[in-house]
Amino acid sequence: MTDKNKKPDLLQCDEVGELLPLYLYDEVSSDEHRRVDDHIGSCESCRQDLDRLEFTRSTLDQVAEIEMPDTRDSVSLPVDRRSSSVGRKRRSPSWGKIFASVSAVLLLSFAVLGVELQISPEAVTLRWGHARSPVSSEFNAKTTQDKRVVDADAFESEFATIRDELVLTRKLVHALAANVDTDRTTSRNLYQLIARRLNTLETGVRRNDFRLNSTPANKLAAR
Amino acid sequence: MTNSDLIRRWQLGERSAFDDLMVQWQPAIQRFLMRMVGCAQTAEDLSQEVFLKAFQATDTYRDRTRFSSWLYKIAANVACDCTRARIKRPQAIDTTKIQIETSPSCDLEQNELVAGVRAGLASLGEEQRLALILRHYEQLSFEEIARITETPASTVKSRFSSALRQLESELRRRGIAQEDTKE
């Protein structure tokens, strides 16, 4: 094929190779994204190149977790597998229909808030205090006995709002786990309610609407 | 209280405001330094240096700059100074003998993984390592990294891309790689 016959839109492997690291991190334009997609759809070599880079990225995360494991609070509840009662037909879980998701495990992650909600056929899990979130950095400072520890009362008052919201959300998660296997409508409503609450919290933390304000004089614990 | 509120109070001379900032940012800065220099103890020492420099540089901080960018810039300079000082000393970093602190819960495979990644990061050039760590772990944008390093965003992207490729190559050399699938 001569150059003049080559379609200008198609990328060559070396061009794709240069773009793949940025493509992997969503740092390419939508046009570049489309052209890379088109290329790797038919190029095994470049697809494997992408897989290797993806493996490298996940290895970095895996090692980060080993080196600095999450000190996350969490609640994990087994799905309530109720036995069929007389006259009541037990519905088997249909995750795709309940949550409009085709995956077997539904995961909602709220990066700024530091909360993760995971729903699988076996368990419903709510984690909070992700290592990278501002909320967690305070938790970590308290739990790891950092040199400077905020006064306990001041700390509590600062995060009371978020903690109360998470406690309430945890109750909703309890309810979801109790119903998700048997009551599709309630499960969907609870899930939407939880997602809405977490979204609101995420937005609030991002905008700092919760006014994480300590008492006028934060006292440092004496060493 | 937002960063801006704390900074404003700090610049007005309120010492406790700086303490609050330090409590908030110390874990992230220490994590960043640990990845840059590869040693937890050194990172802890350097983080103290970072906040000391930040405290001394109060007057140079301007509200139009994001506090995180300003702080990471100080941390990056401290890390690079440390690395250059190591290179000048006879005891250079031997990437083949990187020791890791293991805990009873770490199995052999995990130890090898950790050692591989640390060696891989250590094998990168300073600027490449910085770009990779700030983008991947600290999730700063390339524009923010460009401001921190005072280089064009296109340069940062290039350094990041080559860092990721070099790290992949180093991991593969150490036997840490995904097997290619055949259709």
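Biologist: On what conventions does the predicted model rest, and what ipTM does the predictor give the complex?

Modeller: Residues are numbered from 1 along each chain as its sequence is written, and chains are lettered from A and ligands numbered from 1 in the order in which they are written. Local features need pLDDT of at least 70 and side-chain atom pairs count only at pLDDT 80 or more, while totals for chains, interfaces and linings use all residues; side-chain values use heavy atoms, with hydrogens and water left out. For the complex the predictor gives a pTM of 0.55 and an ipTM of 0.75.

Biologist: Which element of chain B has the highest mean pLDDT?

Modeller: The pLDDT is the predictor's confidence in each residue, from 0 to 100, and chain B averages 81, with 82% of the residues at 70 or above. Over residues 90-106 of chain B the value is below 50. Where pLDDT is low, the predicted coordinates should not be read in detail. Among the elements of chain B, helix α1 (residues 3-11) has the lowest mean, 78, and the highest, 95, belongs to α8(B).

Biologist: Is B:Glu168 buried or exposed?

Modeller: B:Glu168 lies in helix α8 (residues 153-173) of chain B, helices being DSSP runs (H or I, at least four residues) numbered from the N terminus. Leaving out residues up to four places away in sequence, its contacts (heavy atoms within 4.5 Å) are A:Arg52, A:Leu53 and A:Thr56. Buried means under 20% relative accessible area, exposed over 50% and partly exposed in between (1.4 Å probe, protein chains only). Because its relative accessible area is 6%, B:Glu168 is buried.

Biologist: At what angle do the axes of α2(B) and α6(B) cross?

Modeller: In α2(B), B:Phe32, B:Arg35 and B:Met36 meet residues of helix α6 that include B:Leu130 and B:Leu134. Axes are lines fitted to C-alpha atoms, for helices over the stretch in contact, with angles from 0 to 180 degrees between N-to-C directions. The axes of α2(B) and α6 (residues 126-137) of chain B come within 10 Å and cross at roughly 145°.

Technical notes:
Helices (H or I, at least four residues) and strands (E, at least two) are DSSP runs, numbered from the N terminus.
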